[in-house]
Amino acid sequence: MSGADDSVGAVAGSENALYKYVFRQTEPGSERFSYQDRDLSFYFRPSPEALFFQVENRQNRPVWVEWDRSIFIKPVGGTAKVAYSKTRWQDRFSTQAPTQILGLQRFGDYLLPIDYLYDPAGRPEQLHRPLLPEDNNAVYFGDAVFGVDLTFRIEDRPRTYNFRFKVASVSRR
């Protein structure tokens, strides 16, 4: 898989997938895959390809996404560093520069475990395995839990936001 297509359709996942997933946000609990506090507003869209998100800086001062302090909780268990669209195979053991979000601005991308990246054999694109399978292995991921601990630098202090998602159901298309 190269990159990750944004999942804005009614049913997340590939057009030719054998199975479809329904997700729930469990931490913090939300029926709309969202969360906000006085500093940031988050919106998530889980998909089998990746975890899509958008964050809005609600204050009139910059904040930074601290990628190296953020963690992805994998649906198969365990944790890994976070990869996003700019992370490449050769970056797996390097420091990832923080992303600045200016005051009253938005930033959107997708997230996945950094160890899901594949060697692109010299090509410039990001290749990765999907977050969740859509073949006959999908049935083994019912009730799987995954998520991110996203760390932001706000007013020069780190603040971690914990988000968890659960596979509510897996069904044949």
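1. A polar contact is here a pair of N or O atoms within 3.5 Å; within protein, one atom must be able to donate a hydrogen and the other to accept it, and residues adjacent in sequence count only if both atoms are side-chain atoms. The side chains of Thr 99 and Trp 67 are joined by such a contact, at 2.8 Å.

2. This is a predicted model, in which local features need pLDDT of at least 70 and side-chain atom pairs count only at pLDDT 80 or more, while totals for chains, interfaces and linings use all residues. Residues are numbered from 1 along each chain as its sequence is written, and side-chain values use heavy atoms, with hydrogens and water left out.

3. Thr 99 belongs to strand 9 (residues 99–101); helices (H or I, at least four residues) and strands (E, at least two) are DSSP runs, numbered from the N terminus. Its relative accessibility of 14% counts as buried, a term for under 20% relative accessible area, with exposed meaning over 50% and partly exposed in between (1.4 Å probe, protein chains only). With residues up to four places away in sequence not counted, Thr 99 touches Val 63, Trp 64, Val 65, Trp 67, Tyr 84 and Phe 107, where contact means heavy atoms within 4.5 Å.

4. The structure has 11 salt bridges, each defined as a side-chain nitrogen of Lys or Arg within 4 Å of a carboxyl oxygen of Asp or Glu. One of them pairs Asp 37 with Arg 159, at 3.6 Å from N to O. This pair links distant parts of the chain, 122 residues apart: Asp 37 is in the loop between strand 3 (34–36) and strand 4 (40–46), and Arg 159 is in strand 14 (residues 157–172). Asp 37 is buried at 18%, whereas Arg 159 is partly exposed at 30%.

5. Arg 38 and Asp 39 also form a salt bridge through their side chains, at 2.8 Å from N to O. A network of salt bridges links Asp 37, Arg 38, Asp 39, Arg 61, Glu 155 and Arg 159.

6. A further salt bridge joins Arg 106 and Glu 56, whose closest N and O atoms are 3.6 Å apart. Because Arg 106 lies in strand 10 (residues 106–113) and Glu 56 in strand 5 (residues 51–57), the pair ties together parts that are 50 residues apart in sequence. Arg 106 is exposed at 57%; Glu 56 is partly exposed at 27%.

7. Asn 60 is in the loop between strand 5 and strand 6 (63–65) and is exposed, with a relative accessible area of 66%. Its C-alpha atom is separated by 5.6 Å from that of Leu 104, which is 44 residues away along the chain. Apart from neighbours within four places in sequence, Asn 60 is in contact with Gly 103 and Leu 104.

8. There are 19 aromatic pairs; rings of Phe, Tyr and Trp (its six-membered ring) pair if their centres lie within 6.5 Å, and planes under 30 degrees apart count as stacked, over 60 as edge-to-face and the rest as tilted. Tyr 21 and Phe 23 have ring centres 5.7 Å apart and planes at 15°, so they are stacked. Both residues, Tyr 21 and Phe 23, are buried.

9. Arg 129 places its charged end over the ring of Tyr 116, 3.8 Å from the ring centre, and the charged end of Arg 153 sits over the ring of Trp 64, 4.6 Å from its centre. The criterion is NZ of Lys or CZ of Arg within 6 Å of the ring centre and within 35 degrees of the ring normal.
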